[in-house]
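Please open the model in your viewer and keep the selection panel at hand.

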Amino acid sequence: MPRFSVIVPCFKVQGFLRECLDSVLGQSFGDFELIAVDDCSPDGCGAILDEYAERDSRVKVLHLPENVGLGRARNAGMPHATGDYLFFLDSDDTLTPGALRAVADRLTEAGDPDVLVFDYARTYWWGGTRRNVLAHVLAEAPGTFTVSEYPQVLDLLMVVWNKVYRRAFVAEHGFAFPPGYYEDTPWTFPVMLSARRIAALDRICLNYRQRRQGNILSTTSRKHFDIHDQYERVFAFVAGRPELAAWRPYLHRKMGEHCLDILAKPDRLPPADRAEFFRRTAEMFRRHRPEGAPVDGEVAVLTGSWAGYRVRRQAARAGREAARRADGVRRAAGARARTGWTALHTLRPLDENLVVYSASSHRGVLGDPAAVHAAAREIAPRLRGVWVVRDAETAARLPAGVEHVIVGSRRYLEVTARAKFFVNDVNWPGALAKRPGSVHIHTHQGTPLKYLGADLLDKPGARLGFDVPQMLRRADRWDYSLVANRHSELVWERAYPCHFTSVRTGSPRNDVLVNGGHGDFRERHGIPADHTVVLYAPTRRDYRRGGYVERFDLARFAADLGEGHTLVVRLHPSLAQGHARGMGLTELARRGVVVDATDEPRLSDVLLAADALVTDYSSVMFDYANLDRPIVVHADDWAAFTASRGTYLDITAEPPGHVTRSYRELARLFASGGWRDEESARLRADFRARFCAYEDGRAAERVVRSLLLGEPMPAPLPRIPGQAASPDTLTSA
C-alpha cells in the first residue's frame, strides 16, 4: 500500500500537464501512486497521460467517456486509490521539490492525523511568486488540533489541494465532490469540521498557477451562481449533525463574505446578472441566519437592497480616491516642510564630531559600518555616532545604548544636515544633499564577484527595476571607497565611475575573523562542540523572478553528511522575507534537521562557527577565506548565472576550494573527506593571497584613525586615487 494516492483530474491543460506530472514523478519520496483522470479532454491530455503510464508503473490512467467536471473527475479517481492518504492535485499546478517527503515526515511526526494542511505559493504567468499571506496560521498551529481548538485554520483558503486526507477517514464519512464550479466548498468545510485530528505543515508544497487565461473561476459567466447551491449543501450537512450547530453563525457569515467577494470582482458575473446575484445572496443570507447571529461589517449590506449596495460601493470608491488625493497633498506639504527644516540646519556649521551610520538600507547595526562604529567608540569616545534605521520596529532591536534616528524623521533631517561624517555600505537616499566639507565613507558589502553599478547596463535582466544613472548620481557623493584587495579596487573604479578615492583599508567587519574572534552561535543553537558544522550560503539568481532557486534537497544533504555533522543554512538577505524559506527551510529548522541562520544579525558569528563553507557564487566566500577553512563552490548552474548576471572572474577556474557541478559530486566530496584535502588547502592559499591581501585585522581602526580623526597609521596602507579623483585628494596616511 503506497503512502499517497495523488489524484490528478485533467481537462484542456495539455500545455501544463507535463510539468505537473514531472513535479510528482520527480519527487525524492517515491512511495506513491498517481491516478490521472482524463475528463474526456478534447485536446492531447489523454495521449500525454498514456505516454507517462507506459513508462512509469506508478501512473494509472482513467479515461472517462464523457466530461463530468473537476469534482466528479476526482470522485472517479477515488475508488482506484490504495494509498494511506489522498492528495488532490490540479493538473495545471505543480509540487515543489521535496514536498512529498516533507508531508510524509510531518504525517509520521503527527501520528497520522485525519487531515494535514500545508502551505502554497501563487506563481503568476508573468513569472512572479507570492507566498500565502496567511502562512503564519500554519507556523503558529499546535501539534494536532480540531477546528474548535484552533479555528484560525479556517481563515486559510478553503480549497481541496492544500491538504492531504487520510483515506480511511474519507471513506468513513463518505465524503465526495458535488458537480459545479465551487465544488471545493462543500468538500472542505464538512471535512475540516468532521476531522478529529488535524495537523499543519509550514512549508510551501504546491505552486498554485495563476493563469492569464483559462482559469474557470476567472471566467465571466452565470455559472458563478453555483456558489449558492454549494453553500446550501454545507448548511444541509451541518443541519444533519447537531454537534456542529455552533458553527452555523460562522458559516452564515462566511457564505455572505464569499458571495460578496465574487460580486465585487469585475471578471466574474455578467453585468446584467449582478443585481440578480445580489438578491439571491441576500435572500439566502436572511433564510439561513441563525437566531441572534450578529450582522455587521461587510455582510451588513445583505440586509439592504441592490441599490443600497451600489451606493455603498460607489461611496467606498469615492472615499478611496479622496484619501489618495489627501495623502498626496500631505506628502507634498511634508516634503516642503522637510526641505525648509533641512535648509534651516544647513545654515549652522558642521558638527566635526558627529558621525552618521547606516547599513543594509537602514536595517540595523550591521556589517562594516558596525565594525567602524565599535572601533570609534573605543578609540575616539568624543565622536558621537548616530545610526539611521528604517522604522520603529528596527529601532527596538538595536543594542542598548545605541543612539538612532528613523529615516525621514525630523531628527534624521537634523543630524544628516549637521554631520561631518557619513558611513554606509549602500547608497544614502537621493534626497540627502551632501554639504561642502562633509565626508562620505562607502564601505561596500564585500568583495564583488557579480556585476554591479554601471556594469549592469549590459545586463537588462539583472538590472530590472534598477536605475543605474540614479545610483551613480548618489555614488557621486562618496569621498572614500574602502577596498580589501586589488581586485575590489579595480572593480569599484570600473563599476562606479565617480569622484572618490579608494582606500586600502581591508574590510572592517572581517577584523574579528582575522584576529580569531569567538562567537556564541554554537551555544545558542545547541550545536555539540564536537560536531563539524557545514555552512551552506547560496546567493540569489537574476534569471528567476524572486531570486530563489532550490539547488538541492537540504534534508538529503544533512542526512548524507551523517552523524557528527550539523548543516547550517544562511540565505541571501534579499530572500529572507520572501517565499524561499517556506520552500522547506523553516520546517527543517523546526524539526532540527538544519539550523536556519538567515536572521542572524552578525554574519561573523555564523562564519566563526562553521568548519566548512559550501556556497555557489556568494561574496561570503571572500570573507570566510580569512579563517583559512575549507570552502566548496557548488556551481551547477554557472553558465546560466554568468549569462544573466555577469561576473568579474571565473570562480570555477580560480576557486577557493573544490568545485562541484552536481549534487552527487557534492555528496561524494564530503563522504570521501576530499573537501579538506591538500588540493583544497592549495587552492585556498592561492585565493587568500589574491583576495585577502589587505586584511590584517586592523581595518576598522585604520578607518577611524585615518579617515575620521586624520591621524597617521602605523605601517600605513597607501591610498589609491579613483579614476576621476583630483590630485589634491592624493593624501598620505
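Select Arg 509 and Asp 623: both residues are buried (under 20% relative accessible area, where exposed is over 50% and partly exposed lies in between, with a 1.4 Å probe and protein chains only). They form a salt bridge (a side-chain nitrogen of Lys or Arg within 4 Å of a carboxyl oxygen of Asp or Glu) whose closest N and O atoms are 3.0 Å apart. Arg 509 belongs to the loop between strand E16 (501-504) and helix H17 (511-514), and Asp 623 to helix H22 (residues 620-624), so the pair ties together parts 114 residues apart in sequence. Helices (H or I, at least four residues) and strands (E, at least two) are DSSP runs numbered from the N terminus.

This is a predicted model, in which local features need pLDDT of at least 70 and side-chain atom pairs count only at pLDDT 80 or more, while totals for chains, interfaces and linings use all residues. Residues are numbered from 1 along each chain as its sequence is written, and side-chain values use heavy atoms, leaving out hydrogens and water.

Next, select Arg 253 and Asp 296, another salt bridge, with 2.4 Å between the closest N and O atoms. Arg 253 lies in helix H9 (residues 248-264) and Asp 296 in the loop between helix H10 (274-287) and helix H11 (306-345), so this pair connects parts 43 residues apart in sequence. Arg 253 is partly exposed at 25% relative accessibility, as is Asp 296 at 41%. The structure holds 57 salt bridges.

Move to strand E17 (residues 532-537). Are its residues buried or exposed? Six of its six residues are buried. Thr 532, Val 534 and Tyr 536 point one way, and Val 533, Leu 535 and Ala 537 the other. In a regular strand, side chains alternate between the two faces of the sheet.

Strand E18 (residues 565-569) pairs with E17 in the parallel sense over five bridges (pairing requires at least two DSSP bridges). Here Thr 532 stands opposite His 565. Strand E20 (residues 612-615) also runs parallel to E17, joined by four bridges, and Ala 537 stands opposite Thr 615.

Finally, select Val 170 in helix H6 (residues 167-173). Val 170 counts as buried because its relative accessibility is 4%. Beyond residues up to four places away in sequence, Val 170 touches Met 78, Leu 86, Tyr 165, Phe 175 and Trp 187 (heavy atoms within 4.5 Å). The C-alpha atoms of Val 170 and Tyr 85 are 9.4 Å apart, across 85 residues of sequence.
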